[in-house]
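Here are my comments on the structure you sent. Keep the 3D view open and take the points in order.

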Amino acid sequence: MAGVAALEQEIMSLRKRRQLYSLIGVLLVIAVLVSGYSKSNTMNSGNFLDGLSKFFDYPSEIVIEAWEAGPAFFGLILTYLPAMLETLNIAGVATLLGGAMAVVLAMASSRNVDSWGPGIPVVRRVMDIMRAFPELIIALFLIFVLGSSPVPAMIAVAFHTAGALGKLFSEVNENIDRKPIEGLSACGASWMQRIRYAVMPQVAPNYLSYFLLRLEINVRASAILGFVGAGGIGQELRRTIGWGQGAGDETAAIFVLLFVTIMLIDQASSYLRGKLVGSGRAH
Amino acid sequence: MIQFDNVTKTFGARTAVNKVSFTIDKPQMIGVIGRSGAGKSTLLRMINRLTPATSGQILFNNMNILALKGAQMRRWQRDCAMVFQQFNLVPRLDVVTNVMLGRLNGHGAFKSLFNVFSADDVTTALNALDRLGIAQEASKRAEELSGGQQQRVAIARALMQDPQMILADEPIASLDPMNAKIVMDSLREIHERDNKVVLCNLHTLDTARAYCDRVIGMRDGDIVFDGVPEALTTDVARDIYGADESFNEAATSTAIETDTSRTTHSAGTVTPAVAVAV
């Protein structure tokens, strides 16, 4: 009984200590929020709360202009369809290129699939560097070098995707069952053959799931890249927003197109990922 | 044929196989018995080069297989097919493809990348499956089969390799008695019909007695017995298993109970007289 009493005391003190840590954690989060807000507020040209009252001015202007356009508004949406397709094109090609590079990088950086030992840390650092740079920074640099076109955007998104997907793919590799790899080794299969027949069938569903998730992300990234001159729907949006009054209906048409497209891709990819990993809807 | 010469394998400070020497000079079915950790698996894995030996040499027809590298080593791995306790198939691939993977060695990059196998490969694979009585499962995914069926697929893959010898590492350790009997019968049949060396790690004395022409007993990395099954007396078994007077052979038995006096291996017919205790 004495033993149980001592244990109870120990558990109670442990629980109290955990509660104290939780309280300190919550206080820290509040402190960071308050200091962050006051810091950015002092950096603003105007006061944030004063600006808040005008927050809905621009959106309501857009909505009113779109409403006034009447049925012609739907024609406007169709006008911007080619630009949307260009953005999707950038995202699609970049995801395919980046995904292919990611497979190579992942296979070269996972102990579990017998990658070349000394190369593993090197490839991992390369992937760290590739995903450390946001697409926007790489695109700005490439647009400066190569000029304004979708190609620099494509390269920028593919580069970042290779690093980001490579890391996720290599984590999938580290969790696979090694028995099929060993089985093929014992048959005299080469490394490439082991990857093809023992690794790929195991990782393909998860790879595809991550690939689709990345495609969603890349559609948004490609739209943003239009703002820096990479073409596509982003560039059109920048133009119409820049015009301000009078182009509100066009801005609204682009917003609707972007919203519907991204929502459709999200839903389709979520459905497919759910099917692939076999656990209902993926999130 | 194959000769072990002072072969040692150490894992850090632990010696798994200690200066082992023995020779296999004719196609036999050989059982390797001993407790878990006695070095049985390491012994087999060193032959297939899945585990590198620390010292010594293993000669196959005077070729030191421990010195082989690259393509030559992989060619040797194809020649000594391996059957594993956990089957080591690719679960998501269909059965016939799993069997054809035994022919990967020698396939070029293009054929491998695009999963191209010749009509001859398909026929050979189906024949191998038919020989093991599971040709009807050829189009199913490997993961859909029972343990016993998967082990037969693994043996079919070994046959597909057209090997010089078959190494079986505890092939029946995760199977029920009925499937264990089917698998052991298959290995014995391959040995007899194809005249191949079958080196088989076994946990149970009775299985070794029923199916093997020769038994090697290992204890703590050393070979402590090497002889015909008839010489495997209870005293010898006690020595192999490091047990005291209270040792009961039933302790090493799963459920295949055999009457060794009725076991015959001659004249091409396999009648191991196995009574399956359910």
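**Where the chains meet**

1. The contact between the chains draws 22 residues from chain B and 18 residues from chain A. On the side of chain B that touches chain A, two elements give two or more residues: α2 (70-79) and α4 (109-113) of chain B. Of these, α2(B) gives the most, with four residues. Sorted by class, this side of chain B holds 10 nonpolar, eight polar and four charged residues. Please keep in mind throughout that this is a predicted model.

2. Look next at B:K111. This residue lies in helix α4 of chain B. Is B:K111 buried, exposed or partly exposed? It counts as partly exposed, because it has 16 C-beta neighbours inside 10 Å. A residue needs 20 or more to be buried, and 12 or fewer to be exposed. B:K111 and B:M184 are 73 residues apart in sequence, and their C-alpha atoms are 34 Å apart in space.

3. Chain B contains nine helices and 12 strands. It has 278 residues, and buried residues make up 44% of them. Consider the contacts in chain B with a separation of 6 or more. Of these, 69% come from residues 24 or more positions apart.

4. The largest nonpolar core has 132 residues. Which residues have the most contacts inside this core? They are B:V99 and B:I166. Chain A takes part too: its helix α10 (residues 191-225) gives the most to this core, with 14 residues.

5. Stay with B:I166 for a moment. Leave out residues up to four places away in sequence. B:I166 then touches B:A81, B:V83, B:A158, B:L187, B:I190, B:K196 and B:V198.

**Two loop residues in chain B**

6. Check the backbone at B:N61. Its phi is near 45 degrees, a positive value in a residue other than glycine. B:N61 sits in the loop between β4 (55-60) and β5 (63-64) of chain B. It counts as exposed, because it has 9 C-beta neighbours inside 10 Å.

7. B:D220 is not a glycine, yet it has a positive phi of about 50 degrees. Its loop runs between β9 (214-219) and β10 (222-227) of chain B. With 16 C-beta neighbours inside 10 Å, B:D220 counts as partly exposed.

8. Chain A is divided into domain 1 (2-55) and domain 2 (61-277). How many Å separate the centres of domain 1 and domain 2 of chain A? Taken over C-alpha atoms, the separation is 35 Å.

9. Which residues of α6(A) are buried? They are A:V123, A:M127 and A:M130. Seen down the axis of α6(A), the buried residues fall within an arc of 60 degrees, so they line one face of the helix. What covers these buried residues includes α5 (81-107) and α8 (150-174) of chain A. Turn to the other side of α6(A). There, A:P121, A:V122, A:R125, A:D128, A:I129 and A:A132 are exposed.

Methods:
Residues numbered from 1 in each chain as written. Chains lettered and ligands numbered in written order. Predicted model: local features only at pLDDT ≥ 70, side-chain atom pairs only at ≥ 80, totals over all residues. Core = buried A, V, L, I, M, F, W, Y, C linked by C-beta atoms within 7 Å. Contact = placed C-beta atoms within 7 Å. Nonpolar A, V, L, I, M, F, W, Y, C, P; charged D, E, K, R; others polar. Domains from an automatic or database assignment. Arc of directions from axis to C-beta.
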